[in-house]
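Thank you all for coming.

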Amino acid sequence: MTLRLVHKLKRSCTRFASSSISHTDERAKFTGSKKTNFTHELKYLNPLEQPAFPTFRVLDNHGNIKTDDAPKLSDEELVKIYRSMALLSKMDKILLQSQRQGRVSFYMTCSGEEAAVVGSAAALQDVDTVFTQYREVGVFLWRGFTLQDVMHQCFSTHKDNTKGRQMPIHYSAKKLNIQCVSSTLATQVPNAVGYAYSNKIKGIKAVTVTYFGEGAASEGDVHAAMNMAAVLRCPTIFICRNNGYAISTSTEDQYAGDGIVVRGYGYGMRSLRVDGNDLFAVHKAVSDARKVALENSCPVLIELMTYRVGHHSTSDDSTAYRSIDEVNYWNKEDSPVGRLGLYLMKRKLWDAEKENSYAKECRKEIMAAFNVAESALKPSPYLVFDDVYDSHSTQIAEQKEHLEEHLKIYGEHYNLKDYDV
Ligand SMILES: Cc1ncc(C[n+]2csc(CCOP(=O)(O)OP(=O)(O)O)c2C)c(N)n1
Ligand SMILES: [Mg+2]
């Protein structure tokens, strides 16, 4: 028998064998799911019967490392991160008080979320473009935004790099590769994906990172962005700060599923849930996600479980919708700054004396920047017409003339001496 004949016989035997298998053993061939198989059991995948997605953690509430797999951070790096978290927390307290005194018009703290923001920022590289929500000033500070920059923005002075045209906390730092804060929820998320896609096409080896709250995750933009990122394989790290509340809306009223992490799986991306109050876990998760996203050109979703210890903003009074005991638990028993501080003290890298002198140093620096900004001139009102169009349209030129006329007549009512006109 020739070799060709042997092959022919083998092929027809295989054909016979496959046509004789029972219907139920057929392989599914649906284009909509390449990996699915048939089952004879009618069974819902009921999330209520599934265990919750686990939370990755390294450091316990008492400052002890619980795994051999902790990130390799040097003592200097750890102290630098701790100092940055502590500075952020002290700056928040001072700016919050100053709003209560009527000195700045508005403020939002990130109390309780210091490890989530500083830990993630420390795990990124400067080439990674960041798209924040509004509670991530710690990322700006980590990258080199100064206390003075923060104060000029919050006081809307002529030194503010957005020319005083935004409410306090809407920072912007192009030179630090951080996009402007926009409080229109979730608009930053598709932007981050588009930017990552553009980087990918250009062959730029960087990830984009977008922060958003669990409340913002209910916006359609987040779903569209996740799907687009997964399908187009965009190296974006989605960092959801799940802090338990969206203003007064608790997570029970926000979603019925197991948080945000499970949505990433649904969209076909690698997804992690992490203890967001654990600096080590946050750092490890984000640096690993960065590697995975670049090596595989794919998005990663990280849900950082944390708690918003402060009010939503200075316009909110959270005692109306949550108990003081709940807040106290997170503030005292599971504080990210406290947990890292305990660890550093156990390792003798920090002590009570350093804590006291650093607190004084921070206060001095914060108040120095605060005072400069408080007495600085406000930006010229005429700047309101600039930067949208390359040159002024007829309508804008007319409006500017009207303002000039108006200020000529009523200027005395505007304290124009306080403005950089
Ligand atoms: C599109 C849009 N809808 C509503 C608001 C009003 N708003 C501002 S912050 C906020 C809650 C957001 O909560 P979350 O995303 O969990 O972030 P967190 O404040 O907890 O950090 C809402 C509803 C908004 N700014 N933009
Ligand atoms: Mg929230």
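Let me begin with what I mean by a pocket: on a 1 Å grid over the protein atoms alone, a pocket is an open set of points with protein on both sides within 12 Å along at least five of seven lines, while a cavity is a set of points where a 1.4 Å probe fits but cannot get out, and lining residues have an atom within 4 Å of a point. Grid points are joined across faces, edges and corners, and the volume is the space filled by probe spheres set on the points.

Please keep in mind that this is a predicted model, in which local features need pLDDT of at least 70 and side-chain atom pairs count only at pLDDT 80 or more, whereas totals for chains, interfaces and linings use all residues. Residues are numbered from 1 along each chain as its sequence is written, chains are lettered from A and ligands numbered from 1 in the order in which they are written, and side-chain values use heavy atoms, with hydrogens and water left out.

With that in place, the second largest pocket holds about 410 Å³ of space. It is lined by 13 residues, of which L45, P47, Q50, D258 and V262 are the closest to its centre. I sort residues into classes, counting Ala, Val, Leu, Ile, Met, Phe, Trp, Tyr, Cys and Pro as nonpolar, Asp, Glu, Lys and Arg as charged, and the others, Gly among them, as polar; by that scheme this lining has nine nonpolar, three polar and one charged residues.

The largest pocket has a volume of about 590 Å³, and among its 32 lining residues K93, S111, G112, V309 and N331 are the closest to the centre. Helices and strands here are DSSP runs numbered from the N terminus, helices being H or I with at least four residues and strands being E with at least two. Which element gives the largest share of this lining? That is helix 2, with seven residues, and the lining as a whole divides into eleven nonpolar, 15 polar and six charged residues.

Turning to ligand 1, there are 17 residues around it, with Y134, R135, S183, A216 and Y245 coming nearest, where being near requires a heavy atom within 4 Å. For polar contacts, meaning pairs of N or O atoms within 3.5 Å, a nitrogen atom of ligand 1 is 2.7 Å from a polar backbone atom of S183, and an oxygen atom of the ligand lies 2.8 Å from a backbone N or O atom of A216. The side chain of N243 also has an N or O atom 2.8 Å from an oxygen atom of ligand 1. Taken alone, ligand 1 exposes 590 Å², and the protein buries 73% of that, with areas computed by the Shrake-Rupley method with a 1.4 Å probe.

Finally, the chain itself has 14 helices and seven strands, and of its 421 residues 45% count as buried, which means under 20% relative accessible area, with exposed being over 50% and partly exposed in between.

Most residues other than glycine have a negative phi. S156, however, has a positive phi of about 50°, in the loop between helix 5 and helix 6, and S156 counts as buried because its relative accessibility is 16%. D387 has a positive phi of about 80°, and D387 counts as partly exposed because its relative accessibility is 49%.

Terms used
A polar contact is a pair of N or O atoms within 3.5 Å; within protein, one must be able to donate a hydrogen and the other to accept it, and residues adjacent in sequence count only if both atoms are side-chain atoms. Buried means under 20% relative accessible area, exposed over 50%, partly exposed in between (1.4 Å probe, protein chains only).
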